[in-house]
Amino acid sequence: MSNSSPLFRPEVTAALSSQWMVSVRLAQPASASLIAIVAMLIAAALIAYITFGSITKKARVTGITVPVDDQLSVAASNAGILLNTHVKEGEPVKAGQVLLTIYIERQNSQGEITALVAQQLATRADRRKQSSQACAGSRCVTGQ
């Protein structure tokens, strides 16, 4: 059994013999082109920022700080009575300088708390002194 027909059609053989190289077609998914476009946009934004942007620098300078309305509010941490003003209006001040002396009065039903605390501390000191003098000649055990 002899088969005289060629393996491929003559048209295909003629078309392939006329081309030196075969053209290649690659199918790319849409996501690859999207990633490439986003990467180019990020690179362009970075180049634009480097070219036209500015970076804040920290610098030490000397000068005068002036409030917006030529007034500066100073508030005390506690309420009290102003006893003394150590600076005049418009006078330059330094950091940490005392500006005002404020008397902070704390009261309860028995009187001023600061005086009561001082009185209690003095009473305790007197009691300790008396107990140490009483036990000077003998052995005393205290609960303190």
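This briefing describes the fold, surface and confidence of a predicted protein model. The protein has three helices and four strands, where helices (H or I, at least four residues) and strands (E, at least two) are DSSP runs numbered from the N terminus. Of its 144 residues, 1% count as buried, that is, under 20% relative accessible area with a 1.4 Å probe and protein chains only; exposed means over 50%, and partly exposed lies in between.

Residues are numbered from 1 along each chain as its sequence is written, and side-chain values use heavy atoms, with hydrogens and water left out. Because the model is predicted, local features need pLDDT of at least 70 and side-chain atom pairs count only at pLDDT 80 or more, whereas totals for chains, interfaces and linings use all residues.

**Architecture and contacts**
- The elements run α-α-β-β-β-β-α from the N terminus on.
- Among contacts between residues at least 6 apart in sequence, 12% join residues at least 24 apart; a contact means heavy atoms within 4.5 Å.

**Confidence**
- The mean pLDDT of the protein is 77, and 73% of its residues reach 70 or more; pLDDT is the predictor's confidence in each residue, from 0 to 100.
- Helix 2 has the highest mean pLDDT among the elements (91), and strand 3 (residues 107-108) the lowest (64).
- Where pLDDT is low, the predicted coordinates should not be read in detail.

**Surface**
- The protein exposes about 14600 Å², of which carbon and sulfur atoms supply 59%; accessible areas come from the Shrake-Rupley method with a 1.4 Å probe, and for residues only the protein chains shown count as cover.
- Leu 46, Tyr 49, Ile 50 and Ile 55 form a nonpolar surface patch with about 480 Å² of accessible area together.
- Ile 55 belongs to the loop between helix 2 (30-52) and strand 1 (81-85), and Ile 55 is exposed, at a relative accessible area of 69%.

**Surroundings of Tyr 103**
- Tyr 103 lies in strand 2 (residues 100-103) and is partly exposed, with a relative accessible area of 30%.
- Leaving aside residues up to four places away in sequence, Tyr 103 touches Gly 80, Ile 81, Leu 83 and Glu 112.
- The C-alpha atoms of Tyr 103 and Leu 83 are separated by 6.4 Å, although the two residues are 20 residues apart along the chain.

Conventions
Patch = residues over 30% accessible without salt bridge, like charges linked within 9 Å, V, L, I, M, F, W, Y side chains within 5 Å. Salt bridge = Lys/Arg side-chain N within 4 Å of Asp/Glu carboxyl O.
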